[in-house]
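Hello,

Here is the structure we talked about handing over. My notes on it follow below the files.

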Number of protein chains: 2
Amino acid sequence: MQNKGMLVLFSGPSGVGKDTVLDIILDKDDMLQRSISLTTREKRQGETDGVDYYFITKDRFLTMVEDGQVLEYAQYGENIYGTPKEPVDKWLKEGKTVILKIEVKGAQKIRELYPDAVSIFLLPPSMQVLENRIRRRGTENEQDIAKRLEIAKNEICRSADYDFVVVNDDIDEASNNVLSIIKALNFTYKRMNHKISEVIKNV
Amino acid sequence: MQNKGMLVLFSGPSGVGKDTVLDIILDKDDMLQRSISLTTREKRQGETDGVDYYFITKDRFLTMVEDGQVLEYAQYGENIYGTPKEPVDKWLKEGKTVILKIEVKGAQKIRELYPDAVSIFLLPPSMQVLENRIRRRGTENEQDIAKRLEIAKNEICRSADYDFVVVNDDIDEASNNVLSIIKALNFTYKRMNHKISEVIKNV
């Protein structure tokens with residue numbers, strides 16, 4: 001019997017480098033599948049439906065929520081973002097490792113639905129480094145930066161809810177560490193149980 | 001504050017390749033420390049006291065047991081083998097990852113004393129492969145081989161007590177998988193807690 005896949009919740013404050021880490025590890029491991037979010041915002045140039053996001057109308061979004069087809073969702077400004085249930089369940093059934101980039105509140109909702117989910121929090125080496133990274137983007141004013149850092153601090157305080165914490169000091173090292181965690185979790189007794197039965201049966 | 005080290009219990013049936021895996025991983029990671037056993041048997045040619053074993057008398061062994069200086073011990077034929085407490089505690093205090101090659105009963109005793117210990121069971125790909133490996137050694141008669149396989153089967157049944165199970169099909173792959181597990185366990189929330197406090201404090 002094939003083992004069911006694994007759900008990995010991947011969080012960390014804005015600016016810590018989640019997307020870069022994800023790009024690196026998805027490139028290195030074919031069994032990893034990045035979850036694609038639903039959004040009601042307009043498609044930007046260069047974005048593809050079903051690759052960057054599933055772009056849907058607000059009406060459709062709310063119908064999906066009512067039908068229990070959205071695992072978690074949140075509104076940012078005018079737009080709603082959420083995680084669709086169907087593709088996640090399909091990939092898990094296929095034995096894939098599904099990675100969900102998600103903020104701490106959404107992660108908490110998904111833990112309740114998928115208690116076997118493994119969660120990894122990406123931590124900046126210091127708040128100063130995080131601030132520098134946000135400033136380097138150069139897209140925000142002082143007030144926005146201060147607000148973002150305050151949110152980051154609150155999120156880091158909630159990292160206690162996570163199974164693993166990886167510091168993103170060096171991007172390659174952090175990516176390797178995240179990959180090591182995912183790899184190692186394939187060898188928990190629970191996931192290897194079928195193999196043990198197989199070895200003992202064949203005597 | 002430096003994190004305390006980690007105790008890793010490493011088990012598997014005789015002939016599965018525990019020593020080869022240990023040699024490979026100890027060579028790759030400087031922070032790994034192999035625990036050295038006590039024994040009352042005679043030192044063989046080429047063996048060094050304090051490297052291969054601590055060679056001690058039976059009287060000394062029993063005194064150490066009485067003084068609570070032996071974590072677990074077992075008698076095989078005339079000889080007693082055991083795990084000394086003092087070096088393990090010293091290495092853990094130094095932050096090292098201490099690996100203990102140990103059979104399943106001894107592992108159970110150590111889990112009671114060190115509930116944070118992580119345990120890894122090395123599984124043969126099949127009983128047939130294990131039998132072939134034992135036969136290839138060529139040192140045993142049919143009766144001994146049958147007995148060894150029966151013990152192996154009982155041990156494999158107790159792999160449910162272990163946190164992780166790694167199949168030793170290819171020795172390099174198995175060694176890498178064991179290393180991944182040990183590496184990943186350095187990033188559990190509990191072990192990263194000090195780093196999180198440090199990041200939040202420096203705001």
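**Interface and symmetry**

Chain B and chain A bury about 2,800 Å² between them, with carbon and sulfur atoms giving 73% of that area. Buried area here is the accessible area (1.4 Å probe) that two parts lose on being put together, summed over both. Phe187(B), Tyr189(B) and Val199(B) supply 20% of what chain B buries against chain A, more than any other three residues.

This is a predicted model, in which local features need pLDDT of at least 70 and side-chain atom pairs count only at pLDDT 80 or more, while totals for chains, interfaces and linings use all residues. Residues are numbered from 1 along each chain as its sequence is written, chains are lettered from A and ligands numbered from 1 in the order in which they are written, and side-chain values use heavy atoms, with hydrogens and water left out.

On confidence, the average pLDDT of chain A is 92, and 98% of its residues score at least 70; pLDDT is the predictor's confidence in each residue, from 0 to 100. For the complex, the predictor gives an ipTM of 0.82 and a pTM of 0.86.

Chain B is superposed on chain A by a rotation of 180° with 0.0 Å of shift along the axis, at an RMSD of 0.0 Å. The two copies are thus related as by a two-fold rotation axis. The superposition is by least squares on the C-alpha atoms of residues with pLDDT of at least 70 in both copies. Within chain B, Ser180(B) comes closest to the axis, its C-alpha lying at 2.6 Å.

In contact terms (heavy atoms within 4.5 Å), 32 residues of chain B meet 32 residues of chain A. Of the interface residues of chain B, 100% are also interface residues in chain A, so the copies meet through the same surface.

Eight residue pairs, both residues at pLDDT 80 or more, are in polar contact between chain B and chain A. A polar contact is a pair of N or O atoms within 3.5 Å; within protein, one must be able to donate a hydrogen and the other to accept it, and residues adjacent in sequence count only if both atoms are side-chain atoms.

Regards
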